[in-house]
Amino acid sequence: MNYSLLNDVIKEFLDDSNLKLYLDNLDEVVRLANIIVENYYDTDILTYDDDILLSQSVNISRNFFLTISDEYSKKFDELLSSNDIYNGVLDNIVSFFKVPKKLTYQFNRSGVDEDGRVFIDYNETLEDIFNIVHEFTHRFSFIKNNNSSLKKFFGETPTILSEFLLEEYLLDNGSFSKEEILKHKINRFKGVYDDSLAIIVQSILINLYRQNGFVNEEILLNYLDSLDKSSKLYEILCTKSVSLIKEIIKREGIDFYNRQRYIIGLFCALNMMNDKNIINFKILVEVLKNDDSTTLVDQEKLRQFIPIIGCDRLLIDDSIINSLTILFNDEKNSFDNYSRRKI
Ligand SMILES: [Zn+2]
């Protein structure tokens, strides 16, 4: 293992003052990541069985947005049929790219770029509907040159909420089997599990670097040795930490601040599904359009249904951890039968 490169990567990260906001909140994010690692397990990515034409996925997505509001279904159609000028060339705002069926979420390059163009990878399965709804939900909050602090933490909250709402919609209205519909959520949990592990390992490395001024094999082994040997964390770190550290070295990057949005999004979306208040989705989408000049007012609005927002930082106390752990386990148990059989 190239520890010298690893130390360079960590040092560069810690020296970047733009990333201070993330570091200040890292311990809180790790508390959330621990809930997932303690209560979940590694799974395979599930692939889909049913074939669905892209046109059908688009129609279902539109009908789903209609259940939230007229405004979103209109906006959906507007975006689909509109052009804009990108680098001097007129082009569609939304572009679809067909990809092989086997490429599921790890290879999904769908997204909204900094100009607001929407790219959707589709493979003619049920995943396409989740994908379309997810990316359009991002697009509804899109404002050029705005990456507010709230967006850095809560940018994936409306999108994951939209996936959960879509799941309910499909269970109530679609002709797809429950098993097929739940695959998306099981894959989402798997993705967030991977993110949680990566965040925990990165935070351990950062803390050890801060304590010692560097990290090497001896320091890492001593740290492992100090853990409770019967803990799940010890077991996972023994098997996974080497490959996760190698990945940091290979990519030359600490990326927990990109990954944390999915963990925060998962918990906030679970909490909001519990409230069953569709207005919260709209408030969230609207608030994420704002820049930092409105942060305090926006925090106040979101605090009603997102319990982890403190004043200008994440605030996660033991009672929040307890209630989120219960929510997480309830959700996990509700689809456990579907995922266990595939392990
Ligand atoms: Zn997203």
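**View 1. The crossing of α8 and α11 is left-handed.** The model shown here is predicted. Residues of the α8–α11 contact comprise 7 nonpolar, 5 polar and 2 charged. Helix α8 covers residues 178-212, and helix α11 covers residues 256-275. Their axes lie 9 Å apart, and the packing angle is about 130°.

**View 2. Helix α8 against helix α10.** Helix α10 is made of residues 232-251. The two axes come within 10 Å and cross at roughly 80°. So α8 is roughly perpendicular to α10. Here α8 contributes L197, A198, V201 and Q202. These meet I236, K240, S241, L244, I245 and I248 of α10. By class, the α8–α10 contact holds 7 nonpolar, 2 polar and 1 charged residues.

**View 3. Domain 1 meets domain 2.** Domain 1 is built from two segments, 3-45 and 182-340. Domain 2 runs over 54-145. Their C-alpha centres are 27 Å apart. Domain 1 puts 10 residues into the contact, and domain 2 puts in 11 residues. Which elements give two or more residues to the domain 1 side? They are α8 and α12, the latter at 278-287. The largest share of that side is from α12, with 4 residues. The side of domain 1 that touches domain 2 counts 5 nonpolar, 3 polar and 2 charged residues.

**View 4. The whole chain, for orientation.** The chain contains 14 helices and 5 strands. Along the principal axes, its C-alpha trace spans about 60 × 50 × 40 Å. The radius of gyration is 21 Å. A compact globule of 343 residues would have a value near 20 Å, so the chain agrees with that expectation.

Conventions. Residues are numbered from 1 along each chain as its sequence is written. This is a predicted model: local features need pLDDT of at least 70, side-chain atom pairs count only at pLDDT 80 or more; totals for chains, interfaces and linings use all residues. Axes are lines fitted to C-alpha atoms, for helices over the stretch in contact, and angles run from 0 to 180 degrees between N-to-C directions. A crossing is left-handed if the near helix is turned anticlockwise from the far one by less than a right angle, and right-handed if clockwise. Ala, Val, Leu, Ile, Met, Phe, Trp, Tyr, Cys and Pro count as nonpolar, Asp, Glu, Lys and Arg as charged, and the others, Gly among them, as polar. Domain bounds come from an automatic or database domain assignment. Two residues are in contact if their C-beta atoms, placed from the backbone, lie within 7 Å. Angles under 35 degrees count as roughly parallel, over 145 as roughly antiparallel, 65 to 115 as roughly perpendicular and the rest as oblique. The radius of gyration is taken over C-alpha atoms; the globule rule is 2.2 Å times the number of residues to the power 0.38.
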